[in-house]
Amino acid sequence: MKNITVIGAGTMGNGIAHTFAQFGYKVNLVDLSQESLERGIATITKNLDRMLAKEKISEYDKTSTLNNITTYTQLEEGAKTADLVVEAASENENIKLDIFKTLDKVCPENCILSTNTSSIPITKIAAVTQRPDRVIGMHFMNPVPIMKLVEIIRGYNTSNETNDKVVAMAKNLKKVPTEVNDYPGFVANRILMPMINEAIETLYTGVAGVEEIDTVMKLGMAHPMGPLQLADFI
Ligand code: NAD
């Protein structure tokens with residue numbers, strides 16, 4: 001799989017495009033407007049500059065990463081040569097179902113369609129296509145160029161071949177793919193969100209203050225940041 005189409009140039013989409021491009025893949029980045037695409041490319045450039053300043057990449061790496069990305073406002077154009085699509089458009093079921101219906105029509109037959117959704121069932125998304133065996137969840141974490149985890153979520157009809165190809169692809173990006181099943185919130189958000197809700201409830205009930213709650217979880221549970229600070233980032 002050489003040609004990657006990333007849909008959505010927002011927080012996750014620009015990070016996903018950045019990561020694939022940095023590892024030498026040709027990326028077509030699609031969003032609704034030229035302005036969103038420009039914002040996405042500006043963020044990628046800023047993040048590459050930061051990596052360059054820390055000597056994690058060379059000037060050549062920065063230029064070739066940016067050269068590997070082409071932008072599109074038309075989904076049909078941006079997806080027609082894809083080997084793998086990673087959909088990272090807004091978390092809205094209707095938007096995603098429409099995108100997958102279009103992808104199924106315009107993408108090559110062997111193309112794998114993946115989604116970065118945090119909460120919409122993979123099986124439901126796959127069901128609007130004629131290729132549910134080639135639909136899968138690729139749930140990257142924010143910020144994508146830095147975070148190692150990718151939850152790989154199999155829908156009811158996802159084939160072993162699709163799963164294996166996507167797992168191998170995540171490893172090519174130097175990520176750690178972790179295979180999970182298609183249940184609400186998958187694993188990451190199923191556990192994280194109740195914890196954050198409970199931290200808020202703990203504050204609300206007056207059990208402890210913000211600093212204290214975060215300190216207990218940082219020093220007591222070895223979390224790198226407390227749940228309330230993490231909630232602010234999210
Ligand atoms: P975002 O709002 O930053 O970006 C979404 C982008 O999608 C926007 O630029 C928007 O213009 C674009 N878009 C909307 N409809 C489109 C369409 N039909 N075609 C093309 N582009 C379209 O959102 P985000 O935080 O990047 O989230 C994207 C996806 O990633 C969601 O499914 C979300 O649940 C998931 N996710 C987010 C995080 C996070 O921490 N932000 C983490 C993991 C997964």
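1. Cys 107 is buried, at 7% relative accessible area (buried is under 20%, exposed over 50%, partly exposed in between, with a 1.4 Å probe and protein chains only). Bear in mind that this is a predicted model, where local features need pLDDT of at least 70, side-chain atom pairs count only at pLDDT 80 or more, and totals for chains, interfaces and linings use all residues. Residues are numbered from 1 along each chain as its sequence is written, and side-chain values use heavy atoms, with hydrogens and water left out.

2. Where does Cys 107 lie? Look in the loop between helix H5 (93-106) and strand E5 (112-115); helices (H or I, at least four residues) and strands (E, at least two) are DSSP runs numbered from the N terminus. Not counting residues up to four places away in sequence, Cys 107 touches Ala 79, Val 85, Leu 113 and Arg 131 (contact is heavy atoms within 4.5 Å).

3. On to the cores. In the largest nonpolar core, of 32 residues, the ones touching the most other members are Ile 4, Ile 16, Phe 20, Met 138 and Phe 140; such a core is a set of buried Ala, Val, Leu, Ile, Met, Phe, Trp, Tyr and Cys residues joined through side-chain atoms within 4.5 Å. Another core, of 22 residues, lies apart from it and has Cys 107 and Val 85 among its members.

4. Asn 68 sits in the loop between helix H3 (59-67) and strand E3 (69-72) and is buried too, at 9% relative accessible area. Its side chain reaches the backbone oxygen of Ala 21 at 3.0 Å.

Technical notes
Polar contact = N/O pair within 3.5 Å; in protein donor to acceptor, adjacent residues only side chain to side chain.
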